[in-house]
Amino acid sequence: MTETAAQILQLDPDRLFPADPTIRALARELYEPVADAPIYSPHGHVDPALLLDNAPFGDPAELLITPDHYVLRLLHATGVSLGDLGRGDAATPPDGREIWRLLCRNWYVFAGTPVRYWLESQLAEILGVTVRPSEESADRLYDELSELLQSDEFRPRTLFDRFKINVLATTDDPADDLAAHRALAADPTFTGRVLPTFRADGYLDPSVVGWPDRLARLAEAAGSGTDSYRGLIEALRARRRYFIEHGATATDNGPFDAWGTPLPDNEAERIHAAGLAGTASVEDGVAYRRNLLYQLAAMSADDGLVMQLHPGVHRSHHAPSLARYGTDAGHDLPAVGGYTEPLRRILNDFGTDANFRLVLFTVDETTFSREIAPLAGFYPSVYAGAPWWFLDTPAAIGRYRAAVTDSAGFYKTSGFIDDTRAFLSIPARHDMSRRTDAVYLAELVATHQLDLAEAHTIAQDLVTTIPKTVFRL
Amino acid sequence: MTETAAQILQLDPDRLFPADPTIRALARELYEPVADAPIYSPHGHVDPALLLDNAPFGDPAELLITPDHYVLRLLHATGVSLGDLGRGDAATPPDGREIWRLLCRNWYVFAGTPVRYWLESQLAEILGVTVRPSEESADRLYDELSELLQSDEFRPRTLFDRFKINVLATTDDPADDLAAHRALAADPTFTGRVLPTFRADGYLDPSVVGWPDRLARLAEAAGSGTDSYRGLIEALRARRRYFIEHGATATDNGPFDAWGTPLPDNEAERIHAAGLAGTASVEDGVAYRRNLLYQLAAMSADDGLVMQLHPGVHRSHHAPSLARYGTDAGHDLPAVGGYTEPLRRILNDFGTDANFRLVLFTVDETTFSREIAPLAGFYPSVYAGAPWWFLDTPAAIGRYRAAVTDSAGFYKTSGFIDDTRAFLSIPARHDMSRRTDAVYLAELVATHQLDLAEAHTIAQDLVTTIPKTVFRL
Amino acid sequence: MTETAAQILQLDPDRLFPADPTIRALARELYEPVADAPIYSPHGHVDPALLLDNAPFGDPAELLITPDHYVLRLLHATGVSLGDLGRGDAATPPDGREIWRLLCRNWYVFAGTPVRYWLESQLAEILGVTVRPSEESADRLYDELSELLQSDEFRPRTLFDRFKINVLATTDDPADDLAAHRALAADPTFTGRVLPTFRADGYLDPSVVGWPDRLARLAEAAGSGTDSYRGLIEALRARRRYFIEHGATATDNGPFDAWGTPLPDNEAERIHAAGLAGTASVEDGVAYRRNLLYQLAAMSADDGLVMQLHPGVHRSHHAPSLARYGTDAGHDLPAVGGYTEPLRRILNDFGTDANFRLVLFTVDETTFSREIAPLAGFYPSVYAGAPWWFLDTPAAIGRYRAAVTDSAGFYKTSGFIDDTRAFLSIPARHDMSRRTDAVYLAELVATHQLDLAEAHTIAQDLVTTIPKTVFRL
């Protein structure tokens, strides 16, 4: 069967490079030496069991659609129900082939989006697909991919090597025993570095349902009590030590806002007790959470775990979808950001402490030039985190560099993070970032703000020295 | 008389296309097939009586200056009084020629602005003017244009056909009897589609002067009482049915903010009574208005009228100018926008209802990537409205596409709306949008993020399928 | 000694011009006629004593590093202590050579930043340096520059002439006797125009430490009492008259926010008395400050001094650094801006007064298209101030033009201000602005939105007529 031009899927080697021949040539020249550089992935959400088990991936829908809220959300916005995409616990879940057809039939809605870009990269570069998804090609692609995914070539560990992942950080609950990490580290047949990251978000707000249960599990993991505020602090410290022993270099923090404001101990104890009794108010919850963010900063200044902060997300905006399909179903939405005033106390106390390190992420891009870059441009501890969620796209990465470089240069930025739970998209995302940074550097060179030799050094540093240094890898 | 180069007015066929030859060629190729496509204008402020009466336009000032707050505002900012531009009710209003001279003399202040772009388009393309406005050319242009405007070629209906307007939506008060719309529909000599749009803004705030009078007029139109909250709700429902019978497919809503929060009936009745008694407080007014926005959303979910929402405007900022020159005199100003939190209740209740449709407009462009596109990228009911007022410009439209495509693609955007009361500017505005979208698509093609065939399809859909579908035309 | 290419410092004549040959040729053509135009500097922080004394500059560190918070902040962010950069009052302050080495060693962190751009311009164009700063070249550069700075060629007055500065405005306390300005004006050997600017920020907030002392000094300067609110108002009026007599045409105002809200006299008197007694609350301070901003606007409407307003800076964010190193040490940070609502009262009362003039600056670039340009596009008194602090960079100036031109055109913008205390950077900053504006104009010409002749006129006006008119020079 011969495809028409419109049906062929083929990646252009110059993709994302501007048309201008001077810029394109410079961008290509700057990109080529880093195109195949190993990947440092210091912030992501891949399950370590994936690499431990090394089982074949499931069907194409299970691999590329159902778990990826980036894909789900635009299909849902087009009128496809989340249930038909495999979310929720239907008595008879939809067949993978049916889900795959929904993606292919609605392929047009992804035109111009980063989701299209990542999916095409994965299909063409990793899976060797040569035809575009469409209503016509859906079944054929599904059959081909299903077969492919059973082959040994596409097992997680083979891909881990093929992707040249030097470091992969996961995100883990403080109560997690890190069994998968331990088993991976002990496995002589696996030589990759897979590091846990300490994410204590579930313990911050005593007004939220389930808090006492989570505390109980944490107490068990820590081998010490969490029925007092002091106990919780001690348990968190103990678990951080445990994470550090198992390779962790960073914490991940996603509170609703960036305020870090210490409470007097007796007030913290009062709220803690109220939380255990189920009587903590919303205001109590906010005060306690802001206090814990401060305490987590203090712990980072003490134990040196890099503190990653990405506040400002309305989680699960659509209550009916939350009830039917659970969290991470595509309706988390950006809130208005704020850093300079909220972080004043933390930065006054730890901002010039050489042991403290704070990487600031945002989903509100107005904060790049107004708050994040100016903070990173003064405080030695602060780094401007790469564009994250909603902004981890070719266009937004360009705007990020344009917004932060004036105040923070390149060396106070974090290097790219892929932040993904879609294992196959890791190389596509890093490649996108390398191309986009090459374009930005090419424009500085072309306008004589930077010479080519220095631009080469920066392009290299952005994918090696900078992430290694910033995340203490 | 021969003009020097600087005096000649001539539109370049490649206007708005970037200099880069690759992008320019692609943009031209994408633009050409849609250049003469018919116009869908689903949101505007043209008076339907204009087409019913089909009388010649007045003098050039009356046509191009006095009613257009875009033109007025920058002349006023340059030191020209609104009275000298024909606003207000001076005993001896200024002569049209004098007003025209003021525009021509101050032509330089419009350099680089969209107002200049639209006026030049209208003068050159529609009115056949070949010389630039200037102090020297003012009288000659005024005489030529005055004569031209008396000719049959420049009557509204002839222009309506010449502009290839397929659908023109007006904006109308719920108490309006739609006589002009009915007469136009009944007129066998006019075959255009002119649709009313239901705009209930005047009924939302009981603390505002004149509310009881407006309610009385509405009661008369609806043939039912409005002296209770329930009565008002019923009257609005009745008038929506009436508008639907006369072709309406949408409502227009311009409250100060986007909050939609239902009140208990008895509280709404209390405020309603206070409003009639002239004792409603400002807080009462806000609560009642936010409740009514919610109720209007509920009605849209019920009757299927597309809800257009464009909050966030400080109306009549300069009180002395309001007192002397009335509303729409150029000092409405953008406020800070907010959608995600304010609309949570409406979207939780109706966001996935297939009958409900919500088009979000903004005058705060920070909301495009942070709020509007992410909402349109999840909720099937929500569409990212085209850049509107202050942002309906070549530069801002480009920023809009760059900001919304990542999360919403093209198919969750609304298509262009001209939002104008300046009838002659309709084709110039749509043409600007088609050119600007062609440039955006050309850049995606040139950077290999989209292939040319699909870009052609999108360019077509943006001016046909998309507005027709989104606005249920 | 021969340098390698990477070591040579050489400014490209086409720097900041885009690679596209059409745009580059147009930008160059538009830039060339204004490249050497005289400089109007209506807003800056150079000490007039510099020109009065005309003493040689100190060592290179004292000239280029220690006083410049732009340079300090990124070095500090890289881990260099402010003390090692010469700030604070160490018993043994660091040697200039050591400070210079710190800059050279950390030269890489400035890659792509405007600080690098300005420093390279100064080194190459003014000081004739031909080698890049680096660890290797540090000592050699230090020696060469130290020698050079002792030569007569590099005395302030020689440079003032060489820079073609037509007007230089300083920033001065109302209690200042303007002795340096008077002496300069009286000096027949100096023909430059150096104007004072009235900055009353220190008198606005009675809740701040030191307020009574500042009032006492002001009383002495004014020859009238400041122990009542009325007295303070009179003293400020008197000092404004004094400043006007000595050439001032403008005031400089940097309150935390833009609110201007009059207080009843008795309430203002109450807070005034509380301030003198040291019992004014924070809320008192805010109310009094906002009242005084209103009164200063009223005075401007009366005496015609142009009111420059640049609110929205968190001053001295890091308390420990403030305690050790004083103010202006690099940790002033941008706050969220707001103009439309805060300025409503001032603009309702004085916005259309021909004697009143208000230039709005911001460090929050979201306000350019949403607030500042729409205000400047209606109120004859309001001008959109050039990008200032954090935004006075090639990239941000481009974004500024793109954001403000739609609503305000070119003739309601202020023209460039350098806002610098680094005397040597004045020509580099103005040159950067001229190049960047030439690029913006070139793009309008290339996209046929402006013809070349008019673009030439605008490029000229932006550096002559516009600043002269806006600042009443």
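Predicted model: local features only at pLDDT ≥ 70, side-chain atom pairs only at ≥ 80, totals over all residues.
Over all chains, a search of the whole structure finds 51 aromatic pairs. One of them joins A:Phe17 and A:Tyr31 in an edge-to-face arrangement, with 5.7 Å from centre to centre and 70° between the planes. The two residues stand 14 residues apart and link distant parts of the chain, since A:Phe17 belongs to the segment before helix H1 (21–35) of chain A, whereas A:Tyr31 lies in helix H1 of chain A. A:Phe17 counts as buried because its relative accessibility is 0%, and A:Tyr31, at 9% relative accessibility, likewise counts as buried. Elsewhere in chain A, ring pairs connect A:Phe57, A:Phe163 and A:Phe423 into a cluster.

The contact between chain A and chain B draws on 50 residues from chain A and 39 residues from chain B, and the two chains bury about 3400 Å² between them, of which 56% is on carbon and sulfur atoms. Three salt bridges are counted between these chains, including one in which the side chains of A:Arg116 and B:Glu454 meet at 2.6 Å, N to O. Across the same interface, 22 residue pairs are in polar contact. On the side of chain A that touches chain B, the elements giving two or more residues are H1, helix H4 (69–77), helix H6 (114–126), helix H14 (319–325), strand S7 (333–334) and helix H17 (394–408) of chain A.

Definitions and conventions. Residues numbered from 1 in each chain as written. Chains lettered and ligands numbered in written order. Heavy atoms only, no water. Phe/Tyr/Trp six-rings, centres within 6.5 Å; stacked < 30°, edge-to-face > 60°. Helix = DSSP H or I, 4+ residues; strand = E, 2+ residues; numbered from the N terminus. Buried < 20%, exposed > 50% of the residue type's maximum accessible area, 1.4 Å probe, protein only. Contact = heavy atoms within 4.5 Å. Buried area = accessible area lost by both parts, 1.4 Å probe. Salt bridge = Lys/Arg side-chain N within 4 Å of Asp/Glu carboxyl O. Polar contact = N/O pair within 3.5 Å; in protein donor to acceptor, adjacent residues only side chain to side chain.
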